[in-house]
Amino acid sequence: MEFEEAKEVLNAIQHAGFEAYFVGGSVRDTILNLKIHDVDIATSAYPSEVKRIFKKTVDTGIEHGTVTVLDHGRAYEITTFRTESTYQDFRRPDHVEFVRSLKDDLKRRDLTINALAMKPDGEVIDHFEGLRDLKEGMIRAVGVAEERFHEDALRMMRAVRFASQLDFIIEKKTLNAIHHNAHLLSNVAVERIHVEWVKLLLGKNPQAGLKDFMATELYHYCPLFSDKKQVFNKLMNLNSSQLTEEEAAWTLLCYLSNLASSGVKELLRAWKSSNSLISNVIVATELVTLIRQQKMDSWTYYRSGLHCLRIANEVAVILGFGINEDILEQKYAALPIKDKHELQVDGGLLINRLKMKPGPQLGVILERLEHQVVNGELDNQQDLLLTAASAWVK
Ligand SMILES: Nc1ccn([C@@H]2O[C@H](COP(=O)(O)OP(=O)(O)OP(=O)(O)O)[C@@H](O)[C@H]2O)c(=O)n1
């Protein structure tokens, strides 16, 4: 386990005479028995001191106190204890103030469940009753919630995200503070909000996260979400099994919003999504309707591709009209060709053998061949395809 190896890193810092602890999400997730992804370390050593202890380091965020240590092929982020919120946009490193006390460092973290530290021997340091909140399933800001949210407004989205991801309840004062400060979210980079929003949708209890997201009016300050109250209500009422990936989450949202492809594009662009995500969600959203209408023919399977078919069907299953997964896979596997390049003729061949001229007619004929092969009307054999094409040319 990553923790075991990371202990050596902690020990090395301690041997050099400094304090060092595991902090943040890895401590929370270990206590919750969840899989941990990255291990963050907080230390009283300044970055220059950390760099003296280890052979291989990278200055990944030296201005906010972070040095990455490379050890046995792994990377560990080691951050000097700090006070004022440096969790904000790292383009604003002007707030950093290093301190030598762990408590001061933990005091400026967002939520009590994220303000725990752990020693290499597993002892947990808990200044803000994070262990109690973990046990009770509570999301609570550290200290005065308003202050924490002013330091970094993204924390409000993190709170609703954790409510969904961990299936926890947001404590009343924290929830009120989010409601009161929701407008501050407008100052946060969309990319950062995006990460939290997706984690909320993919969480264990998205209905709970959405309920808080709406009740606190955070959604008003998210791109193009102001008019989506009804859609979120629909989402909340779905007895959904857990969504497995971001594209499925957006597809569900776009389908429930009745968005045509231009609307999907506009929404996802506003959320700064990648072009590949946008095009997959456009295809998958249309597919959901076709699945509902039972209009799934071979051509639809072919042009959608297996990836989008799976996404659309995941959504259709949640909506109660999905296709049996095995049947979906079988139908796709049974397609005579999966890609245009598998067609036994191409433009060059038509020009050479049928003396066709390059131009739009060639494209039309190739497309017709492709359709017929996919639909099983014509075998994908070169001589058959050439015969069919030559008949169409005449
Ligand atoms: N806006 C933020 C972001 C992070 N943190 C602190 O920095 C730690 C690490 O942050 P990050 O890795 O972004 O999130 P995790 O809490 O580790 O959650 P995840 O498991 O999703 O990575 C958090 O636990 C929390 O203590 C914070 O106080 N405020």
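At 44% relative accessibility, E129 counts as partly exposed, a term used here for values between buried (under 20% relative accessible area) and exposed (over 50%), with a 1.4 Å probe and protein chains only. The side chain of E129 meets that of R132 in a salt bridge, with 3.1 Å from N to O, where a salt bridge is a side-chain nitrogen of Lys or Arg within 4 Å of a carboxyl oxygen of Asp or Glu. This is a predicted model, in which local features need pLDDT of at least 70 and side-chain atom pairs count only at pLDDT 80 or more, while totals for chains, interfaces and linings use all residues. Residues are numbered from 1 along each chain as its sequence is written, and side-chain values use heavy atoms, with hydrogens and water left out.

**Salt bridges**

- Side chains of opposite charge can pair when their charged atoms come close.
- By the salt-bridge rule, the count for this structure comes to 18.
- R132, the partner of E129, is likewise partly exposed, with a relative accessibility of 31%.
- D133 forms a salt bridge with R140, and the closest N and O atoms of this pair are 2.8 Å apart; D133 itself counts as buried, at 0% relative accessibility.
- R108, E147, R148, E151 and R155 are linked to one another in a network of salt bridges.

**A pair between two helices**

- E329 and R310 meet through their side chains in a salt bridge of 2.9 Å, taken from N to O.
- Because E329 lies in helix α16 (residues 325-333) and R310 in helix α15 (residues 298-319), the pair ties together parts that are 19 residues apart in sequence; helices here are DSSP runs of H or I with at least four residues, numbered from the N terminus.
- Both ends of this pair are partly exposed, E329 with a relative accessible area of 29% and R310 with one of 44%.

**Cysteines**

- A search of the whole structure finds zero disulfides, a disulfide being a pair of cysteine sulfur atoms within 2.5 Å.
- For C222, the closest cysteine sulfur is that of C254, and at 15 Å this is too far for a bond; C222 counts as buried, at 4% relative accessibility.
- C308 is also in no disulfide, since the nearest cysteine sulfur, again in C254, is 13 Å away, and C308 is buried, with a relative accessible area of 4%.
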